[in-house]
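User: I would like to learn how to read a protein model feature by feature. Could you take me through one?

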Amino acid sequence: MSAIADSSSSFVLEVVFLDKKEQPVSSISLSMEELMALPVAEFETTTIWSEGKQHFRGVWLSDLMVHLNIAEEDVYLSALNDYLVEFTPDEIVPGGPLVAYERNGTSMSPRDKGPLWVVFPYDQDPKFQTESVFAQSIWQLDRIEVYR
């Protein structure tokens, strides 16, 4: 299912569980309302894609993984344009990747890197200012794949 940013009750994120042969076993579709009901995290930071400080609000990827009962698996995040990034369990920590659904107090359209954008608190630690972290900063997130 594709992400739709126009309605808060639309499904914006599909989570697909696949077996070792890459065959879908099950899936969950989350609405923006469901994401917003999870524990809220927020921070201000600059990004290499925008000017000035940006205020992001969303859910830590680690909290989303707990909600989905995903603990020890690598996860693959995919964007509307099929850009794909991988996160290992040791990269999914509180204070790290945030699945942002608001930037500067407003929801984000696909033209504005939304409706979901994985961002990091880039200004808080030099470890978040690397090419690999920038590559993981996927915008237009609409799908998570988990291999079990």
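This is a predicted model: local features need pLDDT of at least 70, side-chain atom pairs count only at pLDDT 80 or more; totals for chains, interfaces and linings use all residues.

User: Where does glutamine 129 sit, and what is it in contact with?

Analyst: Glutamine 129 is placed in the loop between S9 and H3. Leaving aside neighbours within four places in sequence, its contacts are Tyr122, Asp123 and Phe134.

User: Let me step back to the whole chain. How many helices and strands are there?

Analyst: The protein has three helices and 10 strands. Reading along the sequence, their order is β-β-α-β-β-α-β-β-β-β-β-α-β.

User: How do I read the radius of gyration here?

Analyst: The idea is to set the value beside what a compact globule with the given number of residues would have. For 148 residues that would be near 15 Å, and the protein has 14 Å, so the two agree. Along the principal axes, the C-alpha trace spans about 45 × 35 × 30 Å.

User: What share of the residues is buried, and what does the accessible surface come to?

Analyst: Of the 148 residues, 47% count as buried. The accessible surface is about 7,600 Å², and carbon and sulfur atoms account for 48% of that.

User: Which residues touch the most other members of the largest nonpolar core?

Analyst: A nonpolar core is traced by joining buried nonpolar residues through their side-chain atoms. The largest one here has 42 residues, and Leu13 and Leu64 touch the most other members. Beyond its neighbours within four places in sequence, leucine 64 is in contact with Leu13, Leu30, Leu35, Leu38, Val59, Val99 and Ile144.

User: What about serine 137: is it buried or exposed?

Analyst: Its relative accessible area is 2%, so serine 137 is buried. Serine 137 lies in the loop between helix H3 (131-136) and strand S10 (141-147). Not counting residues up to four places away in sequence, serine 137 touches Trp49, Trp117, Val118, Phe120 and Tyr122.

User: Where do glutamate 22 and glutamine 140 lie, and is each buried or exposed?

Analyst: Glutamate 22 is in the loop between strand S1 (11-18) and strand S2 (24-31), and at 54% relative accessibility it counts as exposed. Glutamine 140 is in the loop between H3 and S10, and with a relative accessible area of 15% it is buried. Glutamine 140 has contacts beyond four places in sequence that include Ser78, Leu80, Pro110, Arg111 and Gly114.

User: Which residues does a cis peptide bond join?

Analyst: Here the angle to read is omega. It is about 5 degrees for the cis peptide bond that joins glycine 114 and proline 115. Proline 115 is in the loop between strand S8 (106-107) and strand S9 (117-119).

User: Could we finish with leucine 80 and tyrosine 147? Where does each one lie?

Analyst: Leucine 80 lies in the loop between strand S5 (75-79) and strand S6 (84-87), and at 31% relative accessibility it counts as partly exposed. Its C-alpha is 6.0 Å from that of aspartate 142, although leucine 80 and aspartate 142 are 62 residues apart in sequence. Tyrosine 147 lies in strand S10 and, at 23% relative accessibility, counts as partly exposed.

Notes:
Residues are numbered from 1 along each chain as its sequence is written. Side-chain values use heavy atoms; hydrogens and water are left out. Helices (H or I, at least four residues) and strands (E, at least two) are DSSP runs, numbered from the N terminus. Buried means under 20% relative accessible area, exposed over 50%, partly exposed in between (1.4 Å probe, protein chains only). Contact means heavy atoms within 4.5 Å. A nonpolar core is a set of buried Ala, Val, Leu, Ile, Met, Phe, Trp, Tyr and Cys residues joined through side-chain atoms within 4.5 Å. The radius of gyration is taken over C-alpha atoms; the globule rule is 2.2 Å times the number of residues to the power 0.38. Accessible areas come from the Shrake-Rupley method with a 1.4 Å probe; for residues, only the protein chains shown count as cover.
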